[in-house]
Amino acid sequence: MARKDLPKYTVPSLTPEDGAKVAAILQTRLDALNDLALTLKHIHWNVVGPHFIAVHEMIDPQVEAVRAMVDAIAERIATLGVAPVGTPGALVRNRTWDDYSIGRALTTEHLGALDVVYVGVITDHRKAAEDVEELDTVTNDLLVGHLHELELFHWFVRAHLESSGGSLSTQSTHTEKSAAKKASAAE
């Protein structure tokens, strides 16, 4: 990172280089969580079927919690002396995943697709927590706290996709559409 790109200040005990590195990692999480909040709201508006109200009402608290995570990450980036970027254009430009691909659909289809979304978000969040663990314990703690909630929400989703024998209908799927199709077929 060029010297001119470094923050003019950061938190005590971090170098400007380390502050910038941690902020860059957090920016990826900011983008991912902003995208997740929008995706969850999209699902909230577009679920239909026999389990509509259960899923519709389950999603809104997840949206609010993810929005709070976004705010906490943006404020941590700013605390590190870097400007957080939360614009839609930056999110689209920076993301490494495809846009959510399911429109109006049965609850099981959305939950199947959401299972794949949560796997991606949680996997990347764990990697970010690992990457900052030695650099900044405060940021690591923030990310680990988010993981607790994200994994809980993922469990809520998976409970709808699990058989009484403990098998997931979305087992071995890696795309939203294939997960949605398998979840719907299992119902």
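Predicted model: local features only at pLDDT ≥ 70, side-chain atom pairs only at ≥ 80, totals over all residues.
An α-helix has 3.6 residues a turn, so residues three or four places apart point the same way.

The loop between H5 and H6 contains Thr173 and Ser172. Thr173 is buried, because its relative accessibility of 13% is under the 20% limit. The side chain of Thr173 comes to 2.5 Å from the backbone oxygen of Thr170. With residues up to four places away in sequence left out, the contacts of Thr173 are Val116, Ser178, Ala179 and Lys182. The backbone of Ser172 has a positive phi, near 65°, in a residue other than glycine.

A positive phi is also found at Ser13, where the value is about 80° although the residue is not a glycine. Ser13 is located in the segment before H1. The relative accessible area of Ser13 is 80%, so this residue is exposed.

Aromatic pairing was examined next. A pair of aromatic rings is described by the distance of the centres and the angle of the planes. Two aromatic pairs were counted. In one of them, Phe153 and Phe156 have their ring centres 6.2 Å apart and an angle of 50° between the planes, a tilted arrangement. Phe153 and Phe156 are three residues apart in helix H5, so about one helical turn separates them. Phe156 is partly exposed, with a relative accessible area of 30%. The rings of Trp155 and Phe156 also form a tilted pair, because their planes are at 45°, with the centres 5.6 Å apart. Together, Phe153, Trp155 and Phe156 make up one aromatic cluster.

Rolling a probe the size of a water molecule over the atoms shows where empty space is left. The largest pocket has a volume of about 560 Å³. Its lining comprises 28 residues, of which Trp97, Val116, Val117, Gly120 and Glu176 are the closest to the pocket centre. At least two lining residues come from each of helix H1 (16-46), H4 and H6. The greatest contribution to the lining of the largest pocket is that of H4, with seven residues.

Val119 is a residue of helix H4. Val119 is partly exposed, because its relative accessibility is 36%. His154 and Arg158 are touched by Val119, when residues up to four places away in sequence are not counted. The C-alpha atoms of Val119 and His174 are 9.3 Å apart in space, while 55 residues separate the two in sequence.

Gly81 occupies the loop between helix H2 (52-79) and helix H3 (88-94). At 21% relative accessibility, Gly81 counts as partly exposed, because buried means under 20%. Pro7 and Tyr9 are touched by Gly81, again not counting residues up to four places away in sequence. Between Gly81 and Leu168 the C-alpha to C-alpha distance is 44 Å, with the two residues 87 apart in sequence.

Definitions and conventions
Residues numbered from 1 in each chain as written. Heavy atoms only, no water. Phe/Tyr/Trp six-rings, centres within 6.5 Å; stacked < 30°, edge-to-face > 60°. Helix = DSSP H or I, 4+ residues; strand = E, 2+ residues; numbered from the N terminus. Buried < 20%, exposed > 50% of the residue type's maximum accessible area, 1.4 Å probe, protein only. Polar contact = N/O pair within 3.5 Å; in protein donor to acceptor, adjacent residues only side chain to side chain. Contact = heavy atoms within 4.5 Å. 1 Å grid on protein atoms, 1.4 Å probe; cavity = no way out; pocket = protein on both sides within 12 Å on 5 of 7 lines; lining within 4 Å. Points joined across faces, edges and corners; volume = space filled by probe spheres on them.
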